[in-house]
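Welcome, and take a moment to look over the sequence and the model before reading on.

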Amino acid sequence: TFGVPTIRSDIPAKAKASVADHQNYGNDADAASLLHPSRFAPIGVDHSDFVAERSADDIRQLFAKAGYSFDDEEFSKIWRRAATHYDLSGDGIVSIEEFRLALNEYDDAREEGGMPAWW
């Protein structure tokens with residue numbers, strides 16, 4: 001092949017991004033992301049923030065700030081469901097997205113007047 005590749009995977013990206021650096025290191029947004037950003041993009045929250053692995057304390061604090069309150073038993077059961085059934089990465093560590101999926105399942109069952117089968 002001739003020339004320099006468009007995406008520079010042969011050199012490491014700089015630790016601090018600069019508008020003066022015109023190199024594409026493969027971490028730039030694609031056209032779809034620019035045309036249709038997520039609804040959280042204006043406040044600086046990326047999709048990767050939702051799927052990042054987090055501790056149980058972090059998850060509990062984030063959901064408490066969003067208006068959810070759990071007793072210890074309730075939280076541990078939802079956490080266990082997220083870690084076993086919704087574990088998107090297969091590592092047993094829960095992300096916000098995985099916990100939210102388990103919480104939605106729990107809330108849906110409660111709205112129907114029951115409890116989930118895994119409860």
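## A crossing to start with

Is the crossing of H3 and H5 left-handed or right-handed? The crossing of H3 and H5 is right-handed; by convention, a crossing is left-handed if the near helix is turned anticlockwise from the far one by less than a right angle, and right-handed if clockwise. Helices here (H or I, at least four residues) are DSSP runs, numbered from the N terminus.

Before going further, please note that this is a predicted model, in which local features need pLDDT of at least 70 and side-chain atom pairs count only at pLDDT 80 or more, while totals for chains, interfaces and linings use all residues. Residues are numbered from 1 along each chain as its sequence is written, and side-chain values use heavy atoms, with hydrogens and water left out.

## How H3 and H5 pack

Two packed helices are described by the angle between their axes and the distance between the axes. For H3 and H5 the angle is about 65°, and the axes are 11 Å apart. These axes are lines fitted to C-alpha atoms, for helices over the stretch in contact, and angles run from 0 to 180 degrees between N-to-C directions.

Which residues make the contact? From H3 come Ile59, Leu62 and Phe63, and from H5 come Ile96, Phe99, Arg100 and Leu103; contact means heavy atoms within 4.5 Å. By class, the residues of this contact divide into six nonpolar, no polar and one charged. In this scheme Ala, Val, Leu, Ile, Met, Phe, Trp, Tyr, Cys and Pro count as nonpolar, Asp, Glu, Lys and Arg as charged, and the others, Gly among them, as polar.

## Helix H5

H5 covers residues 96-111. Its 16 residues should span 22 Å at 1.5 Å a residue, and the end C-alpha atoms are 22 Å apart, which agrees. The expected span is 1.5 Å times one less than the number of residues.

The buried residues of H5 are Ile96, Glu97, Glu98, Phe99, Ala102, Leu103, Tyr106 and Ala109. Here buried means under 20% relative accessible area, exposed over 50%, and partly exposed in between (1.4 Å probe, protein chains only). Their cover includes helix H2 (47-51), H3 and H4. After H5 comes Gly113, with a positive phi near 90°.

## Helix H4

H4 runs over residues 72-84, 13 residues in total, and reaches 18 Å from its first C-alpha to its last, close to the 18 Å expected. At its start, a side-chain oxygen of Asp71 comes to within 3.2 Å of the backbone nitrogen of Glu73. Buried in H4 are Glu74, Phe75, Lys77, Ile78, Trp79, Arg81, Ala82 and Ala83, and what covers them includes H3 (56-65) and H5.

Why does Glu74 count as buried? Its relative accessible area is 12%. Setting aside residues up to four places away in sequence, Glu74 touches Ser69, Tyr106, Arg110 and Trp119. Arg80, also found in helix H4, counts as partly exposed because its relative accessibility is 48%. The C-alpha atoms of Arg80 and Trp118, 38 residues apart along the chain, are separated by 9.9 Å.

## Phe70, between H3 and H4

Phe70 is found in the loop between H3 and H4, and at 13% relative accessibility this residue counts as buried. Which residues is Phe70 in contact with, leaving aside neighbours within four places in sequence? They are Arg60, Phe63, Phe75, Ile78, Phe99 and Leu103. From Gly26, 44 residues apart along the chain, Phe70 is separated by 41 Å between C-alpha atoms.

## The segment before H1

Asn24 lies in the segment before helix H1 (31-35) and, at 21% relative accessibility, counts as partly exposed. Beyond residues up to four places away in sequence, Asn24 touches Thr6, Ile7 and Arg8. Its C-alpha atom is separated by 34 Å from that of Leu62, 38 residues apart along the chain.

His22 is also found in the segment before H1. Is His22 buried or exposed? At 71% relative accessibility, His22 counts as exposed. The C-alpha atoms of His22 and Pro37, 15 residues apart along the chain, are separated by 22 Å.

Key
Helix = DSSP H or I, 4+ residues; strand = E, 2+ residues; numbered from the N terminus. Polar contact = N/O pair within 3.5 Å; in protein donor to acceptor, adjacent residues only side chain to side chain.
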